[in-house]
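Take a walk through this protein model, from its inside to its surface. Keep the structure in view as you read.

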Amino acid sequence: MLRLFLLFVLVATLAAAQAGPDVPAELTLAQALNIALSNSTNIREALARLDQASGRYQQSRSVLLPQLDVSARQNFQTVNLIGIGIDLASAQGLIGPFGSMDARMSLSQDLFNLANVRAWQSYRSRQDSSRLLVDNAREIVALNVISTYLEALKTKAARDTLAEQAKLATELYKLTRDRVTQGVSAELDANRAMQKVNSLEQQGQEASQSYIAAKFGLANILQAHITADFEVADEAAYGVGPPADRDAALKTALAARADYRAAEASVRAAELQIRSVKASRLPTLAMTFSDGQSGNTPVNNVNTYKVQGSIDYPLYTGGRIRGQIVEAEGALREARTLLDQNRSQIETDVLTAISGVEWALKEVETSARNVQLSRQEVEFTRARFAQGIADNAEVVNAQDRLTQADDAQIRARYMLGLARANMARATGSAEKTYRK
């Protein structure tokens with residue numbers, strides 16, 4: 001029973017862990033970013049690669065530090081002197097068994113090995129590159145969360161707007177039905193008004209389903225418990241501020257973008273690797289020292305020690321070093337190419353984002369004016385219909401235009417929020433800007 005209970009607890013714990021964290025009932029953008037940045041698989045993968053780079057860096061550093069070893073042995077053996085080339089007249093061939101014991105501590109240290117120093121510096125730059133790629137992964141996750149949150153806001157706004165328009169259409173239908181009853185309007189007017197109500201209700205149902213799907217997608221991006229039982233209502237996701245200055249934004253991006261700095265670190269690592277390989281042609285100096293007890297048994301021994309200095313100078317390696325240099329130079333050219341590509345991409349990202357913000361600001365301004373005009377048109381046509389000057393076709397058509405204007409305004413606000421998020425990502429400040 002106890003085993004079954006423990007197994008049940010283990011399964012429940014694993015299921016809870018796989019389900020991910022719960023999403024608050026009203027999810028703000030900052031909360032969404034906190035959840036995503038704590039659970040993202042992309043960030044965990046980047047951290048795993050950083051651990052690998054850190055391990056290689058530690059290995060490269062270890063050869064520069066003193067190496068201390070302790071060893072001990074106790075042998076009982078026989079030796080055939082003739083078998084090892086000792087053929088003395090007095091020798092009987094097989095001697096022993098006899099005891100042989102040795103226990104000592106050994107210290108070794110490279111005094112000069114420039115190749116290892118350069119290799120250590122190269123691995124340090126690679127570790128820096130991996131650390132920066134973790135920051136870049138966080139920026140990408142932040143952008144994905146912001147864009148998905150904006151999508152949820154857009155679908156919610158569409159749902160709410162359609163609900164308001166359906167309410168207006170229902171009021172128009174009631175007014176029309178009253179006028180039909182009074183004999184001052186035709187049944188066609190009532191039919192037309194009901195068609196508008198049904199159309200808006202259908203669109204509202206589609207928008208509600210789109211909102212649910214958007215929330216499922218947001219929960220998935222957060223690596224949280226997959227649910228749609230929450231609401232998004234954080235206007236901060238749309239961002240604030242005018243378009244950035246082109247030159248200042250480019251300068252900021254090149255200084256702050258983690259992917260660009262990681263590419264620079266990769267170039268430095270490749271340059272140091274070439275210097276490391278070339279330095280392997282130089283002589284290396286090393287020193288070793290050992291001290292311990294040697295004798296027959298642990299209780300029958302004497303102290304012995306050894307101090308040794310050595311120099312190693314490669315004269316001919318069969319082209320190995322030259323091949324390593326060619327390989328390292330190819331890696332450097334590849335790293336520099338990737339750096340140039342990254343710089344070009346950053347410039348494209350910044351200019352595209354600035355242009356997007358400028359365009360979206362104009363779209364928001366234009367769509368707001370159009371919504372205002374469309375609402376006025378609905379009011380005017382409703383007044384004309386109520387006064388019996390015209391049928392309700394003008395009102396229905398005006399409501400159609402209002403629906404289009406509202407939809408355009410929602411899309412314009414969404415595009416503005418997305419453009420600002422892209423601007424923050426382009427300058428390497430998405431997490432800093434939105435995670436407040």
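A salt bridge is a side-chain nitrogen of Lys or Arg within 4 Å of a carboxyl oxygen of Asp or Glu. The model here is predicted. Glu431 is buried, with a relative accessible area of 17%. Arg435 is partly exposed, at 31%. Other salt bridges share partners, and they join Arg257, Asp259, Asp349 and Arg425 into one network. The whole structure holds 23 salt bridges.

Look at two more of these pairs. Asp128 and Arg131 meet at 3.2 Å, N to O. Both sit in helix 4, three residues apart, which means about one helical turn separates them. Asp128 is partly exposed, with 28% relative accessibility. Arg131 is also partly exposed, with a relative accessible area of 39%.

The side chains of Arg413 and Glu235 form a salt bridge at 2.7 Å, N to O. Arg413 lies in helix 9, while Glu235 lies in the loop between strand 4 (231-232) and helix 6 (246-256), so this pair ties together parts that are 178 residues apart in sequence. Arg413 is partly exposed at 33% relative accessibility. Glu235 is partly exposed too, with a relative accessible area of 46%.

Now go inside. In soluble globular proteins, nonpolar side chains tend to be buried together. Which residues touch the most other members of the largest nonpolar core? They are Leu27, Leu29, Val145, Tyr149, Leu150, Leu222 and Val232, out of 37 residues in that core. Several helices give two or more residues to it, among them helix 2 (29-39), helix 3 (41-62) and helix 5 (187-221). Helix 4 gives the largest share, eleven residues.

Pick out Tyr149. Leaving aside neighbours within four places in sequence, Tyr149 is in contact with residues including Leu27, Leu29, Leu218, Val232 and Asp234. A second, separate core has 18 residues, including Leu250, Val267, Ile274 and Ala353.

Leu68, Val70, Met105, Leu107, Phe289, Tyr305 and Val307 make a nonpolar patch of about 710 Å². Strand 2 (67-80), strand 3 (94-112) and strand 6 (300-312) each supply at least two residues of the patch. Leu68 is placed in strand 2. Is Leu68 buried or exposed? Leu68 is exposed, because its relative accessible area is 54% and exposed means over 50%.

Technical notes:
Residues are numbered from 1 along each chain as its sequence is written. This is a predicted model: local features need pLDDT of at least 70, side-chain atom pairs count only at pLDDT 80 or more; totals for chains, interfaces and linings use all residues. Side-chain values use heavy atoms; hydrogens and water are left out. Patches are made of residues with over 30% relative accessible area and no salt bridge: like charges are joined within 9 Å, nonpolar side chains (Val, Leu, Ile, Met, Phe, Trp, Tyr) within 5 Å. Accessible areas come from the Shrake-Rupley method with a 1.4 Å probe; for residues, only the protein chains shown count as cover. Helices (H or I, at least four residues) and strands (E, at least two) are DSSP runs, numbered from the N terminus. Buried means under 20% relative accessible area, exposed over 50%, partly exposed in between (1.4 Å probe, protein chains only). A nonpolar core is a set of buried Ala, Val, Leu, Ile, Met, Phe, Trp, Tyr and Cys residues joined through side-chain atoms within 4.5 Å. Contact means heavy atoms within 4.5 Å.
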